[in-house]
Amino acid sequence: QITTLINHKDKPKRSDKTLQAIQRVGQAVNLAVGRFVTVGEAIANENHELKEEMSVACIEARRAGETIAQLTNVASLDHPESDSHITIFTDKTGVVKAARLLLSSVTKVLVLADRIVIKQIITSRNKVLATMEQLEKVSSFQEFVQIFSQFGNEMVEFAHLTGDRQNDLKDEKKKARMAASRAVLEKCTMMLLTASKTCLRHPDCESARINKDGVFHRMRLALEQVIEIVTDSRPNGENEMAPISIYSGIKEFKNKVEGLRENLYFLSKENLSTMLEVILEHTEDFTDSAYTSHEHREHILELSKQAKMELEQLVSVWMQAQNQKTKDLMEDLEVAILKTCQCMNELKREVHSAATSLAADLLKYHTDHMVLKALKITGVEGNLEAVAEYTCKLSEQKEQLVEMCRLLRHVSGTEPLEITCIHAEDTFQVTGPQIISAAETLALHPSSKIAKENLEVFCEAWESQLSDMSMLLREINDVFEGRRGEKRVYLSLPRPGKHNANLKALKPVKLDTEEQAKIAKLGLELHLLTSDVDSETERWEDQENEIVQHGQGMSSMAYSMYLFTRGEGLLKTTQDLFHQAEIFATEGTKLASALHAFSDQVHDDDKALLLLEAEKLISMCKQLQTTAKASVQGKSATFTKVDACILKTRNVMTLLCQLLPLCCKLLRKNKAGNGCLKPAPPWREDRIRTGANAHTPERRGETFGIKSLENHVTNMTFLESK
């Protein structure tokens with residue numbers, strides 16, 4: 001909004017609508033700053049050590065917002081230039097200065113607030129650690145129950161704080177590491193409960209003590225990693241050395257090779273040779289593995305040898321081309337580049353096939369959990385010999401799964417998936433020995449219910465990790481086949497092969513400066529509507545509601561279309577805009593379907609109005625889709641189509657601004673007990689069932705099992721009564 005004000009075109013004639021739009025933007029900025037500063041001041045009052053700094057930054061921000069509002073107060077003036085009142089038209093530098101002050105003060109508030117959040121997480125971690133130390137030292141069951149209740153509450157608080165932080169992280173790698181650490185803490189909380197109870201029940205049992213110590217150690221490591229991520233630091237000032245995967249090595253190597261087309265002198269032949277050597281060293285993880293098939297091993301060795309030969313040929317031609325740039329030599333260089341890259345692609349495909357086929361076979365083989373079942377049975381029987389036999393088999397299984405994780409890491413394709421593979425490897429490494437110690441404890445005390453429960457908990461963790469590996473394998477295959485990777489779907493550009501047939505006739509063009517100026521007003525209206533929709537969606541308590549999610553998606557797409565009118569954003573050409581308009585219309589149709597489903601729970605008085613609005617939405621979306629798909633030729637016709645698409649999008653957004661508060665009101669009526677909704681809504685049940693099946697790593701990472709933690713705390717009441 002500030003950029004819109006600063007970049008507005010000075011014209012001799014200004015319509016009332018233009019003046020009103022400028023005033024609305026100024027007021028919107030001031031209101032937004034006011035809300036922002038109110039939160040900042042509340043934070044300052046709660047944190048005395050930063051109160052003074054925060055208050056100063058808030059005062060500066062508020063002053064800047066008010067200045068912008070004053071300078072844009074032009075709607076009531078017939079002739080702003082001749083009036084003694086200073087406005088944006090008479091003092092544009094004033095707006096620029098106010099904008100700079102606003103941005104610097106807002107940034108300062110954010111930085112200070114961030115420091116407070118980090119401090120809160122560290123304080124919460126310290127509380128958890130202190131209570132863990134108490135739990136380790138308790139000697140009576142009654143004392144343990146009391147302290148564990150406190151520990152559970154502290155873990156719930158830590159879960160909320162770190163969950164919010166994880167959502168705020170922009171670095172996908174850090175996000176994945178945080179998700180992994182929080183997953184460890186979630187699972188270890190239940191393990192800590194049963195392992196500690198077993199140790200208290202059997203204080204002289206060495207295997208029970210080893211089992212408990214392992215859980216405490218792992219939780220401490222996970223807590224430490226969370227703090228490393230939050231503070232962006234490493235213990236003792238160490239730098240994080242991430243292991244290089246074959247995929248990332250090949251990607252970097254190919255980029256360097258293809259860069260020779262542009263510049264023959266930007267790197268040395270020694271650099272390329274070293275990079276290939278590192279990649280081929282990593283392929284030894286496959287060729288040396290006992291679990292790689294003979295066929296895969298032979299293919300990898302052949303391709304490694306071929307890669308060396310192709311690089312030698314490339315270097316030879318490259319060196320000649322540096323001395324003499326003839327047409328023939330440049331053609332030979334192009335052939336050498338293509339051959340080298342093709343060879344690396346084949347090597348990449350081969351290691352991917354080797355890793356994923358091994359993983360698929362192992363996961364299928366271990367899906368029945370026969371070893372775990374046998375350990376439970378022989379443990380209850382007190383058969384120490386049989387337990388020893390099956391623990392050996394579990395150790396073999398652990399080695400296989402650890403090797404599988406190492407190989408999958410090389411072909412994971414993205415850094416977050418690579419981190420997930422490393423987390424899985426650690427989980428198998430740690431959980432295997434813990435299952436063994438839990439089984440030995442049960443075999444020594446076969447009638448102990450708590451020892452049996454403890455073994456069950458560790459076996460469940462193993463089974464859960466195997467289930468996660470199946471999903472991880474699917475995701476790795478999706479990345480390899482190009483079915484995954486674009487995070488922001490709504491703002492993504494049209495992909496090759498996905499365009500409508502009619503769009504092929506269109507020549508992708510950009511709007512020129514004059515066309516941008518013509519459409520700027522419409523774009524600004526669209527922008528203001530996206531702000532209104534965002535405000536409406538924020539009012540909803542249930543952010544997972546289907547209506548809210550469709551509304552947020554449509555607002556996101558409309559915003560990208562607004563950016564297009566300014567020559568900014570991810571939509572670069574008119575063809576991109578038309579494709580985005582089609583997706584927007586499709587999302588609107590989905591919202592209409594959700595409204596129809598919602599109307600089934602609304603009584604007759606409100607149902608008619610809701611259905612009428614839903615039908616309007618369907619009609620508008622169909623019109624927009626027809627416009628977006630229509631084939632046009634020529635610059636003038638293309639601009640008319642752009643104008644029509646944005647106008648129709650604006651109309652849909654206007655309707656959306658009316659629909660969202662209506663639906664929110666109906667839901668709130670229901671919560672207040674007015675009975676405007678019928679009971680047992682099937683659309684919500686379907687959504688809950690769908691949500692329960694959404695086991696992506698990101699979703700798993702965000703939950704941290706807060707409900708399960710709260711259940712542990714509640715269950716302590718029963719333990720105390722016993």
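**Close-up views of selected sites**

**View 1. Gly588 sits in helix H18.**
Gly588 is buried, with a relative accessible area of 0%. Here buried means under 20% relative accessible area, exposed means over 50%, and partly exposed lies in between (1.4 Å probe, protein chains only). The areas themselves come from the Shrake-Rupley method with a 1.4 Å probe, and for residues only the protein chains shown count as cover. The model is predicted: local features need pLDDT of at least 70, side-chain atom pairs count only at pLDDT 80 or more, and totals for chains, interfaces and linings use all residues. Residues are numbered from 1 along each chain as its sequence is written, and side-chain values use heavy atoms, with hydrogens and water left out. His550 is 38 residues from Gly588 in sequence, yet their C-alpha atoms are 7.4 Å apart.

**View 2. Helix H18 is mostly covered.**
H18 runs over residues 574-599 and has 26 residues. Helices are DSSP runs of H or I with at least four residues, and strands are runs of E with at least two; both are numbered from the N terminus. From first C-alpha to last, H18 reaches 37 Å, close to the 38 Å expected. That expected span is 1.5 Å times one less than the number of residues. Of the 26 residues in H18, 19 are buried.

**View 3. Arg220 and Glu136 meet in a salt bridge.**
Side chains of opposite charge can pair when their charged atoms come close. A salt bridge here is a side-chain nitrogen of Lys or Arg within 4 Å of a carboxyl oxygen of Asp or Glu. The count by this rule is 22 salt bridges. For Arg220 and Glu136 the N to O distance is 2.5 Å. Arg220 lies in helix H7 (residues 206-231) and Glu136 in helix H4 (residues 92-137), so the bridge ties together parts 84 residues apart in sequence. Arg220 is partly exposed at 27% relative accessible area. Glu136 is also partly exposed, at 28%.

**View 4. Glu389 and Lys393 pair within helix H13.**
Their side chains form a salt bridge at 4.0 Å, N to O. The two residues are 4 apart in H13 (residues 384-410), which means about one helical turn separates them. Glu389 is partly exposed, with 43% relative accessibility. For Lys393 the value is 38%, again partly exposed.

**View 5. Arg650 forms a salt bridge with Glu525.**
The closest N and O atoms are 2.7 Å apart. Distant parts of the chain are linked by this pair: Arg650 is in helix H20 (residues 635-671) and Glu525 in helix H16 (residues 513-538), 125 residues apart. Arg650 is partly exposed, at 21%. Glu525 is partly exposed, at 23%.

**View 6. Five acidic residues form a negative surface patch.**
The members are Glu277, Glu281, Glu284, Asp285 and Asp288. Patch residues have over 30% relative accessible area and no salt bridge; like charges are joined within 9 Å, and nonpolar side chains (Val, Leu, Ile, Met, Phe, Trp, Tyr) within 5 Å. Asp and Glu count as negative, Lys and Arg as positive; His and the chain ends are not counted. Each charge is placed at NZ of Lys, CZ of Arg, CG of Asp or CD of Glu. Glu284 lies in helix H9 (residues 269-287). Glu284 is partly exposed, at 40% relative accessible area.

**View 7. His369 has a positive phi.**
Most residues other than glycine have a negative phi. For His369 the angle is near 55°. His369 lies in the loop between helix H11 (327-365) and helix H12 (370-381).

**View 8. Ser464 and Phe480 are found in helix H15.**
H15 covers residues 449-480. Ser464 is partly exposed, at 27% relative accessibility. Its C-alpha is 9.9 Å from that of Lys187, 277 residues apart along the chain. Phe480 is partly exposed, at 30%.

**View 9. Ser531 lies in helix H16.**
Ser531 is partly exposed, with a relative accessible area of 26%. Ser555 is 24 residues apart from Ser531 along the chain, and their C-alpha atoms are separated by 8.2 Å.
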